[in-house]
Amino acid sequence: MRIEEITIRHLKMAMKAPFKTSFGTVHEKELLLLEVKDVTGTIGWGEAVAFVAPWYTEETLKTTWHILEDFLMPILLHKDIVHPDEVSAMFTPIRRNCMAKASIEGAVWDIYAQQSKQSLAHALGGSKEMIEVGISVGIQSSIQKLLDLIKGYVGMGYKRVKVKIKPGQDIEVISAVRATFPDLPLMVDANSAYTLHDIDVLQQLDAYNLLMIEQPLAADDIVDHAKLQKQLKTPICLDESITSLEDVRKAVELGSCGVINIKIGRVGGLTEAKRIHDFCKEKDIPVWCGGMLEAGIGRAHNIALTSLANFVLPGDTAGSSHYWYEDIITPEVVVEDGYIRVPQSIGIGYTPKMDVIEKLTISKKVYR
Ligand SMILES: O=C(O)CCC(=O)C1=CC=C[C@@H](O)[C@@H]1C(=O)O
Ligand SMILES: [Mg+2]
């Protein structure tokens with residue numbers, strides 16, 4: 001394939017409810033959508049997941065656009081590519097900026113799947129026809145509100161619930177959730193809100209039979225996570241700390257975690273995500289697919305990736321209607337009894353809805 005044209009659109013999507021974490025609140029999602037056309041006219045789609053502000057990782061929507069326009073597109077445009085695995089290698093001279101890299105690489109994978117007449121899931125080596133999914137619940141204004149929400153999600157069949165915590169809103173919250181839902185597969189995510197000084201609080205979490213504690217300590221740390229893991233029974237899951245297979249290798253070697261959350265954007269694309277999956281499978285480390293409040297294209301990529309065998313824990317890919325009044329793909333992503341059916345048709349298995357995309361677009365630029 002040879003990429004000849006790339007259209008970047010900046011979309012703004014209203015969210016049904018704001019999503020609050022220890023570091024901030026997302027009221028509406030802004031994202032970049034990439035429409036990538038190869039010389040034969042095949043179109044692949046990619047979604048850039050960086051938020052507007054750099055509080056989850058250092059990337060933002062604006063840095064994504066800048067890195068795409070000034071560095072990544074000049075590398076990719078008009079070059080012959082046989083397999084999408086080549087893209088991450090082509091991008092190695094550009095440091096980090098993983099979400100920018102992943103957005104364009106995902107579109108190349110989509111084109112490759114279409115041209116080799118297979119589903120994206122199959123192209124990635126996935127074999128599951130159904131994937132189990134859980135739900136991520138942001139910080140709520142009251143414990144009662146959280147319990148009511150969880151009750152609803154359990155009723156919908158979601159396979160596990162992830163609750164966001166931060167200092168001061170942790171033990172009391174989790175003990176109430178556990179008391180109300182004694183058998184619920186439950187985990188917490190701290191988004192780096194704690195330090196080793198909080199070890200007493202983190203150790204108290206051991207009492208609640210949690211599947212894991214996600215990213216309790218700093219994003220750039222694996223040393224303190226290793227110290228913490230030695231003093232916890234509950235496995236630590238790393239999210240923000242993992243940007244590459246190398247990060248995973250070091251974290252596993254140090255004993256910094258027992259579980260890895262793979263986000264395609266955070267690790268620079270599907271090829272690196274797959275490598276991390278394969279490595280963890282070999283090391284017997286369970287993985288699951290994280291979410292970035294994606295619109296339909298990102299959701300479709302997450303579903304394809306989750307079809308790989310070692311995604312043994314339910315991921316954060318909720319149904320489209322959980323976040324969006326109307327998603328940008330058809331059909332929308334549907335969760336039935338906690339499962340999503342992995343599309344078996346060619347490509348991502350969902351069709352972008354151009355009228356909805358145009359309606360949500362606040363700016364766009366075409367590159368040739
Ligand atoms: O996309 C989803 O449904 C999961 C959302 C989610 O939990 C997160 C999205 C983005 C940043 C974080 O707040 C958080 C996470 O850390 O996993
Ligand atoms: Mg997380």
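Modeller: Happy to! Let us start with a term: a helix here is a DSSP run of H or I with at least four residues, numbered from the N terminus. Leu 254 lies in one of these, helix H9. Keep in mind that this is a predicted model.

Biologist: Why is Leu 254 called partly exposed?

Modeller: Buried means under 20% relative accessible area and exposed means over 50%, with partly exposed in between. Leu 254 has 39%, so it counts as partly exposed.

Biologist: What makes Arg 266 buried?

Modeller: The relative accessibility of Arg 266 is 3%, and the limit for buried is under 20%, so Arg 266 counts as buried. Its place is in the loop between strand S10 (259-262) and helix H10 (270-283). The side chain of Arg 266 reaches the backbone oxygen of Asn 261 at 2.5 Å.

Biologist: How do you know which residues are protein donors of the magnesium ion (ligand 2)?

Modeller: For this metal, a donor is an N, O or S atom within 2.8 Å. Asp 189 (OD), Glu 214 (OE) and Asp 239 (OD) lie 2.1 to 2.3 Å from the ion, so they qualify as donors. Along the chain, the donors follow the spacing D-x24-E-x24-D. Glu 214 in strand S8 (residues 213-214) and Asp 239 in the loop between strand S9 (236-238) and helix H9 (245-254) are 25 residues apart, and this pair links distant parts of the chain.

Biologist: Are Glu 214 and Asp 239 buried or exposed?

Modeller: Glu 214 has a relative accessible area of 0%, so it is buried. Asp 239 is also at 0%, and therefore counts as buried.

Biologist: What makes the approach of Asn 191 to ligand 1 a polar contact?

Modeller: A polar contact is a pair of N or O atoms within 3.5 Å. Taken alone, ligand 1 exposes 400 Å², and the protein buries 99% of that.

Biologist: Where does ligand 1 sit?

Modeller: Ligand 1 sits in the largest cavity. Strand S1 (3-21) and strand S6 (161-164) are the elements that give two or more residues to the shell around ligand 1.

Note on methods:
Residues are numbered from 1 along each chain as its sequence is written. Chains are lettered from A and ligands numbered from 1 in the order in which they are written. This is a predicted model: local features need pLDDT of at least 70, side-chain atom pairs count only at pLDDT 80 or more; totals for chains, interfaces and linings use all residues. Side-chain values use heavy atoms; hydrogens and water are left out. Donors are N, O and S atoms within 2.8 Å of the metal (3.2 Å for Na, K and Ca); water is not among the atoms, so sites may look incomplete. Buried means under 20% relative accessible area, exposed over 50%, partly exposed in between (1.4 Å probe, protein chains only). Accessible areas come from the Shrake-Rupley method with a 1.4 Å probe; for residues, only the protein chains shown count as cover. On a 1 Å grid over the protein atoms alone, a cavity is a set of points where a 1.4 Å probe fits but cannot get out, and a pocket is an open set with protein on both sides within 12 Å along at least five of seven lines; lining residues have an atom within 4 Å of a point. A molecule sits in a cavity or pocket if more than half of its atoms lie within 2 Å of its grid points. A polar contact is a pair of N or O atoms within 3.5 Å; within protein, one must be able to donate a hydrogen and the other to accept it, and residues adjacent in sequence count only if both atoms are side-chain atoms.
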